[in-house]
Amino acid sequence: MSHVQTLIPAQPAPKEAHKPITGTRITGYLVVALWIALAGALIAMVVSGWDPEKFTRYGPRYLHGLYTTIMLVVISVFFGAILSLPLAFARMSKNRFINGLAYGYVYVFRGTPLLAQLFLIYYGLGGFRPQLEAVGLWWFFRDAWYCGLFAMTINTAAYQAEILRGAIQSVPRGQHEAAASLGIHKVNAFRKIILPQALIVALRPYGNEIILLIKGSAVVAIITVLDLMGETRYAFSRTFDYQTYLWAAIFYLTMVEALRHLWAWIERRLTRHLKR
C-alpha cells in the first residue's frame, strides 16, 4: 500500500486564451449593432409619433382585439388537445384502416395552409346551408368567430397529435414491461407512468405549437373577426398610420415572450428531479 511522500506545488492558473479577431466575429458585431440601431430607431419613431388622441380612441379596441386573440388561442389549444389524444392513439394503432384515417387527417391539416382551411370552412360550408340547418349546426358555421375557432382547433389538433405520438413512442419499452411485470393495468400504467414521461418530452414542442398558433391566429382577421390584427386593420383604415401595425407587432411579441418565459418556468419545475 503506497502513500504520498511529497505534495505537488501549486501551479498558476492557465493563461486565458486570446481569441483572434476574425471576419466572422466582426460580421457578428456589425449585425448586432445593426439590430440595436434598428430597435433604437423604432423606439424613437414610437416616441416622436405618439398621439394621445389616437391612443385614447383606439387603445380600447386593441385591448378588445388582444382579448379575442387570447380566447381564440386558449380555446382552440384546449379542444385541440382533447381531439389530439384519440388521433395519437389512432396513429399508433395496428389497425391499418384506423391508422390510415388518422394519417390522412394529420397529412391534410399539416400539409395545407391554415388560411386555406379557414376559407374552406367559412366560405365552402355556406354551400351546405340546408344540410347544416337540418342538423342544427348552421348557427355555428354562419358566425365568423366560430369558423375561425373551428379552423384553428382542427389545425392544431393535427400538430398536437403528432407531438403526442412522438413523445409516447419515445418512452423506453422497458417502462411498459416493468409496469406489466408489477401487475399494473395498462390504463393505469399509461396514465401514471407513460403519459407523465411523454408530456415532459412533448413540453417544448407544445410550446412551439402554441407560439405558432398565436401568430397564425392573425389570419382570422380576413374573415371579419376583430381579433388583434382585425382591430389593427380597422385602426389603420381610419388613420393610415403605419405605427398601428407596429403596435400590433409589439402586442404579439409581448404574448410570445410571456408564453416563452411561462413555458421555461414550467419546464424547470417539471424537470427539477432530472437536474444534477
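This is a predicted model: local features need pLDDT of at least 70, side-chain atom pairs count only at pLDDT 80 or more; totals for chains, interfaces and linings use all residues.

User: OK. By class, what does the lining of the largest pocket have?

Analyst: Eleven nonpolar residues, four polar and three charged.

User: How much space lies in that largest pocket?

Analyst: About 570 Å³.

User: Which residues lie nearest the centre of the largest pocket?

Analyst: I168, R173, H176, K186 and F190, out of 18 lining residues.

User: And which helix supplies the largest share of the lining of the largest pocket?

Analyst: α9, with five residues. At least two residues each come from α2, α7 (144-170), α8 (173-181) and α9.

User: Next one down. What volume does the second largest pocket have?

Analyst: About 320 Å³. Its lining holds 15 residues, and W50, K54, F55, Y62 and W247 are the closest to the centre.

User: Which elements give two or more residues to the lining of the second largest pocket?

Analyst: α2 and α11. The largest share is from α2, at six residues.

User: What about classes in the lining of the second largest pocket?

Analyst: Seven nonpolar, five polar and three charged.

User: α2 keeps coming up. What should helix α2 span, and how far apart are its end C-alpha atoms?

Analyst: Helix α2 covers residues 52-92, which is 41 residues. At 1.5 Å a residue, α2 should span 60 Å. The end C-alpha atoms are 57 Å apart, so the two values agree.

User: Where in α2 does the kink lie?

Analyst: At Y58, shortly before the proline P60. The kink is about 45 degrees.

User: Switching to backbone angles. What is phi of T224?

Analyst: Near 75 degrees, a positive value in a residue that isn't glycine. T224 sits in the loop between α9 (186-216) and α10 (228-239).

User: Is T224 buried or exposed?

Analyst: Exposed, because its relative accessible area is 58% and exposed means over 50%.

User: What about phi of F240?

Analyst: Near 55 degrees, again positive in a residue other than glycine.

User: Where is the place of F240, and is F240 buried or exposed?

Analyst: F240 is in the loop between α10 and α11 (243-270). At 64% relative accessibility, F240 counts as exposed.

Notes: Residues are numbered from 1 along each chain as its sequence is written. Side-chain values use heavy atoms; hydrogens and water are left out. Helices (H or I, at least four residues) and strands (E, at least two) are DSSP runs, numbered from the N terminus. The expected span of a helix is 1.5 Å times one less than its number of residues. The bend at a residue is the angle between axes fitted to the seven residues ending there and the seven starting there. Buried means under 20% relative accessible area, exposed over 50%, partly exposed in between (1.4 Å probe, protein chains only). On a 1 Å grid over the protein atoms alone, a cavity is a set of points where a 1.4 Å probe fits but cannot get out, and a pocket is an open set with protein on both sides within 12 Å along at least five of seven lines; lining residues have an atom within 4 Å of a point. Grid points are joined across faces, edges and corners, and a volume is the space filled by probe spheres set on the points. Ala, Val, Leu, Ile, Met, Phe, Trp, Tyr, Cys and Pro count as nonpolar, Asp, Glu, Lys and Arg as charged, and the others, Gly among them, as polar.
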